[in-house]
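Subject: Structure handover

Hello,

Please find the structure below, with notes on what was found in it.

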Amino acid sequence: MPAAPQPRQDHRTPPVVVVMGVSGTGKTTIGPLVAQALGVVYAEGDDFHPAANIAKMSAGVPLDDADRAPWLDAIGAWAAGRGGQGGVVSCSALKRAYRDRLRAAAPGLVFLHLTGDRALIAERMAARKGHFMTSRLLDSQFATLEPLEADEAGAAVDVTPGAEVIAERAVTALRRL
Ligand SMILES: Nc1ncnc2c1ncn2[C@@H]1O[C@H](COP(=O)(O)OP(=O)(O)OP(=O)(O)O)[C@@H](O)[C@H]1O
Ligand SMILES: O=C(O)[C@H](O)[C@@H](O)[C@H](O)[C@H](O)CO
């Protein structure tokens, strides 16, 4: 049986939250709402990518583990710096190994997995304007995705409803951790 997730050590301090999930699932939309509700700052995970990663994704080529390593380390460093103050950062964090890497940098991190049906997310991505990531990469995003395991502190919220409802459910779930 998998180990139970470690409870957050001190509920008097605000959490540091990684909003995870495949591209187009709503991390950039929901993350700031959750941060506002928790009274903490929000950081956009895409801003931590090296330029080469953005170029690769813009060309429709999926990132590999080596591409993601410096990006995860930059996000991990940001998260470590928020310890005690709290924060929310978006990061697809698709694989368990990526989340382990983030937790190694910032122990106590919690994850909010935004989950959704592939067809719904593809539709939203197709309607999104001016973003480097296209729905061409969605198959590889879903193929790479490893959902949260039982021993990982976090919660999953479905993204079918409107953003305000998702954020409210997310905050309720995070407060229970
Ligand atoms: N709950 C929602 N209802 C309707 N549309 C939504 C919802 N959440 C997000 N969207 C829309 O779906 C698109 C994708 O959302 P968003 O950019 O927040 O996803 P993301 O996970 O940050 O994507 P990426 O990882 O590619 O940056 C946007 O156009 C956004 O406005
Ligand atoms: O891990 C990855 O494949 C990528 O980093 C993407 O998920 C992007 O960061 C982002 O989600 C697109 O805007």
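I start with helix 5 (residues 118-127), in which L120, I121, A122 and M125 are buried. Buried means under 20% relative accessible area, exposed means over 50%, and partly exposed is in between (1.4 Å probe, protein chains only). Helices (H or I, at least four residues) and strands (E, at least two) are DSSP runs, numbered from the N terminus. The buried residues of helix 5 pack against helix 6 (138-144), where contact means heavy atoms within 4.5 Å.

Two notes on where this comes from. The model is predicted, so local features need pLDDT of at least 70 and side-chain atom pairs count only at pLDDT 80 or more, while totals for chains, interfaces and linings use all residues. Residues are numbered from 1 along each chain as its sequence is written, chains are lettered from A and ligands numbered from 1 in the order in which they are written, and side-chain values use heavy atoms, with hydrogens and water left out.

V159 and its neighbours

V159 sits in the loop between strand 5 (154-158) and helix 7. V159 is buried, and its relative accessible area is 0%. Leaving aside residues up to four places away in sequence, V159 touches T25, L114, T115, G116, L120, R124 and I166. L120 in that list is also one of the buried residues of helix 5. I121 is 38 residues from V159 along the chain, and the C-alpha atoms of the two are separated by 8.9 Å.

Helix 4

Which residues of helix 4 (residues 96-105) are buried? They are R96, Y98, R99, L102 and R103. Seen down the axis of helix 4, these residues fall within an arc of 160°, so they line one face of the helix. The arc is that of the directions from the helix axis to the C-beta atoms. On the face turned away from the buried side are the exposed residues A97 and A104. The buried residues pack against strand 1 (16-20), helix 3 (65-81) and strand 4 (110-115).

A93 lies in the loop between strand 3 (87-90) and helix 4. A93 is not a glycine, yet it has a positive phi of about 45°. A93 is buried, at a relative accessible area of 0%.

Helix 3

Helix 3 contains D67 and A77. D67 is buried, with a relative accessible area of 17%, whereas A77 counts as exposed at 52% relative accessibility. The side chain of D67 makes a polar contact with the side chain of K56, at 2.6 Å. A polar contact is a pair of N or O atoms within 3.5 Å; within protein, one must be able to donate a hydrogen and the other to accept it, and residues adjacent in sequence count only if both atoms are side-chain atoms. Not counting residues up to four places away in sequence, D67 touches N53, K56 and P62. A77 and A170 are 93 residues apart along the chain, and their C-alpha atoms are separated by 24 Å.

Ligand 1

Ligand 1 is surrounded by 17 residues, of which S23, K27, T28, T29 and R128 are the closest. A residue is near a molecule if one of its heavy atoms lies within 4 Å of it. Helix 1 (27-38) and helix 7 (163-175) each supply at least two residues of this shell, and helix 1 gives the most, with three. By class, the shell has five nonpolar, eight polar and four charged residues. Ala, Val, Leu, Ile, Met, Phe, Trp, Tyr, Cys and Pro count as nonpolar, Asp, Glu, Lys and Arg as charged, and the others, Gly among them, as polar.

An N or O atom in the side chain of R128 is 2.7 Å from an oxygen atom of ligand 1. A polar backbone atom of G26 is 3.0 Å from an oxygen atom of the ligand, and for a backbone N or O atom of T25 the distance is 3.3 Å. Taken alone, ligand 1 exposes 620 Å², and the protein buries 78% of that. Accessible areas come from the Shrake-Rupley method with a 1.4 Å probe; for residues, only the protein chains shown count as cover.

Ligand 2

Around ligand 2 there are 13 residues, and D46, H49, R68, S92 and Q141 come nearest. This shell divides into five nonpolar, five polar and three charged residues. A polar side-chain atom of D46 lies 2.8 Å from an oxygen atom of ligand 2. For a side-chain N or O atom of S92 the distance to an oxygen atom of ligand 2 is 2.7 Å, and for one of Q141 it is 2.7 Å. Taken alone, ligand 2 exposes 330 Å², of which the protein buries 96%.

Regards
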